Amino acid sequence: DAMNGPNQDAAFWGARGAHLRCDLGTVVLATLGGGPPPAEWRRKTSFQAKFGDFGQILRIEIPEGTNHAYIEYEDRRDADDAVAELNGREMCGRPLTVEIAKKKAGGSRNVDLESRVEETARRYHLDDSAVVGLLSVFRERVRLRCDLDRDFEELGQHLAVASNKPSAFVCKRLADLRAGRPIGPCKFHAPTPAAPLTVVAPPRPPAAEAAKPEEPQPQRDSASR
């Protein structure tokens, strides 16, 4: 029997955890109504033709013996467009339900690249082509298990220096980033100066009182004896 709803989603995300590749895009769940699926449902080319018009598809998975299919888009907006356009339509002559798949809680690694790239774009005024390029190469760096925290820190150092043409700097480095090469710290980046040390002089001891000279003792007159 085909699994439905959350159980099917959990099985899908659990199976993905066995792959080296991390979850990079947004996954759409397509469910075919009307009983066991026909042979056409098993062909990935059918889904590419149906869903490919909305954007770049990273992956299509059709679990064996089910009426479910998973289509992973690179861009969340493309996935939303597919849901809005195809939900309630027909495929293979049957009604089709299309929705955003729910990820298994505590499951595979979830990297919120879009928000980090958008934050970088706002801070350094990157243009659209630079943003799209960064999203693509950082998804590849996730697959290569690069240190994203260090990547974003070092990229920010370079962009802070390249304030005149930050987008040009990004486009120039895309090939190196995609290949997994380290960005490297910026030699022109001035590190945050350490707070100056305040040297407190020890309190001075009270000045010693000057010794008073001894008063001369009056000499006694021997004649007075």
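Predicted model: local features only at pLDDT ≥ 70, side-chain atom pairs only at ≥ 80, totals over all residues.
**Entry 1: helix H4**

I checked the length of helix H4, residues 113–124, first. At 1.5 Å a residue, its twelve residues should span 16 Å, and the end C-alpha atoms are 16 Å apart, so expectation and model agree.

I then asked which residues of H4 are buried. They are Leu113, Val117, Thr120, Ala121 and Tyr124. These residues lie on the same side of H4, because they cover an arc of only 100° around the axis. Arg122 and Arg123, on the other side of H4, are exposed.

Next I looked up what covers the buried residues of H4. The cover includes helix H5 (128–143), helix H6 (148–161) and helix H7 (166–178).

After H4 I noted histidine 125, which has a positive phi near 55°.

**Entry 2: strand S3**

I turned to strand S3, residues 68–73, and asked how many of its residues are buried. Six of its six residues are buried. In a regular strand, side chains alternate between the two faces of the sheet.

**Entry 3: partners of S3**

I found that S3 pairs with strand S1 (residues 26–32) in the antiparallel sense, over six bridges. In this pairing, leucine 29 stands opposite tyrosine 70 of S3.

Strand S2 (residues 57–61) also runs antiparallel to S3, joined to S3 by four bridges. Here I noted arginine 59 opposite glutamate 72 of S3. The hairpin of S2 and S3 has six residues between the strands, and glycine 65 in this hairpin takes a positive phi near 75°.

Definitions and conventions: Residues numbered from 1 in each chain as written. Heavy atoms only, no water. Helix = DSSP H or I, 4+ residues; strand = E, 2+ residues; numbered from the N terminus. Expected span 1.5 Å × (residues − 1). Buried < 20%, exposed > 50% of the residue type's maximum accessible area, 1.4 Å probe, protein only. Arc of directions from axis to C-beta. Contact = heavy atoms within 4.5 Å. Pairing = 2+ DSSP bridges.
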